[in-house]
Amino acid sequence: MKTLKIANPVVSIDWLAEHLEHPDLIILDASIKKVTSKENLQKLDLKIKGARFFDLKNSFSDKNTDIPNMLPSPDDFSEECRKLGISSHHKIIIYDTLGIYSSPRAWWMFKAMGHQNVAVLNGGLPAWHNAKLPCEPENKTEYNYGNFKANYIPNLVTTANTVLIEIDNENSLTIDARSHGRFIAKEPEPRKSLKGGHIPNSVNLPYTMVLDKNKMKTHTELQEVFKNYNIDNKELIFTCGSGITACIIMLAAEIAEYHKISVYDGSWSEWGQLDRVPIQC
């Protein structure tokens, strides 16, 4: 069997269908409930054939902080991957039940942990299911222990201290994926303990602007989106409410061929409760 290569950060359902049975491929379901919605997941009680559940909220979040969704340590990430049967040679495709919502977060996590052979399924489970491609009922499965080992890449992860330093740097730009109403403090934050507003000198790019319904826009369309922000040659820091949708616009930026990119992991869940940082409305 030919060596499997992942050449792009997103793959189509046709690509996945063609390679579904490849022994080096692992499919991960990284679905979570949408933070700003009162509705449950678009549950079909199905998964893509052979998919394994990547539990973002529990297994793959830092348990030593009250800030949601924070990146776990490389050792903890590696251990949880091994429990899922993931080894360092595996090629990984990630999807979620909303099309593209939380899957880019898992994609970014693997990238930050030094695993390059990873991509997001464009359109996720809805596109796969609508095309009548192979699904199976959700079930609990035991996996052979993998040998995954993280090789942490700190340049892809930004802290509050770094964001604070970069606020007035003309060669750096923070891009916020929240809705415009939340960005200007006209809509309440879903987490009531947080102040409203945004990081000074940041700009707003709601994550919905890089999507076409539940799929990522094309390379050309994304280049047009980012062209409006005058970001060529700048270091880009992506932020949002809790580090989920920031990864959607980071994925879009990578597709559009921007490479000096990182995610502010704490995002507004951290910044909005800190006393020592400035806030703009």
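A charge sits over a ring if NZ of Lys or CZ of Arg is within 6 Å of the ring centre and within 35 degrees of the ring normal. The legends below use this and other cut-offs. The model is predicted: local features need pLDDT of at least 70, side-chain atom pairs count only at pLDDT 80 or more, and totals for chains, interfaces and linings use all residues. Residues are numbered from 1 along each chain as its sequence is written, and side-chain values use heavy atoms, with hydrogens and water left out.

**View A. R178 sits over the ring of W268.** R178 lies over the ring face, at 4.6 Å from the centre of the W268 ring.

**View B. Ring pairs join F54, F60, F77, F110 and F148 in a cluster.** Rings of Phe, Tyr and Trp (its six-membered ring) pair if their centres lie within 6.5 Å; planes under 30 degrees apart count as stacked, over 60 as edge-to-face and the rest as tilted. The whole structure holds 10 aromatic pairs. F54 and F60 form a stacked pair, because their ring centres are 3.8 Å apart and their planes lie at 15°. F54 is buried, at 0% relative accessibility. F60 is buried too, with a relative accessible area of 1%. Here buried means under 20% relative accessible area, exposed over 50%, and partly exposed in between (1.4 Å probe, protein chains only).

**View C. Helix α8 (residues 245-255) is largely enclosed by the rest of the structure.** Helices (H or I, at least four residues) and strands (E, at least two) are DSSP runs, numbered from the N terminus. In α8, 11 of the 11 residues are buried. Among them are T245, C247, M250 and E254. E257 follows α8 and has a positive phi, near 75°.

**View D. Helix α3 (residues 103-112) crosses α8 at roughly 65°.** Two packed helices are described by the angle between their axes and the distance between the axes. Axes are lines fitted to C-alpha atoms, for helices over the stretch in contact, and angles run from 0 to 180 degrees between N-to-C directions. The axes of α3 and α8 come within 8 Å. That makes α3 roughly perpendicular to α8; angles under 35 degrees count as roughly parallel, over 145 as roughly antiparallel, 65 to 115 as roughly perpendicular and the rest as oblique. The crossing is left-handed, meaning that the near helix is turned anticlockwise from the far one by less than a right angle; clockwise would be right-handed. P104, R105, W107, W108 and K111 of α3 contact C247, I248, M250, L251 and E254 of α8. Contact means heavy atoms within 4.5 Å.

**View E. Helix α7 (residues 219-227) also crosses α8, at roughly 110°.** The two axes come within 9 Å. α7 is roughly perpendicular to α8. This crossing is left-handed. On the α7 side, H219, L222 and F226 meet I249, A252, A253 and I255 of α8.

**View F. N201 and K213 are loop residues.** N201 lies between α6 (180-183) and β10 (203-204). Its phi is positive, near 70°, in a residue other than glycine. N201 is partly exposed, at 45% relative accessibility. K213 lies between β11 (211-212) and β12 (215-216). The phi of K213 is near 60°, again positive in a residue other than glycine. K213 is exposed, at 79% relative accessibility.

**View G. S269 is a buried residue, at 4% relative accessibility.** S269 is part of helix α9 (residues 267-271). Not counting residues up to four places away in sequence, S269 touches I67, P68, R191, L194, G241 and S242.
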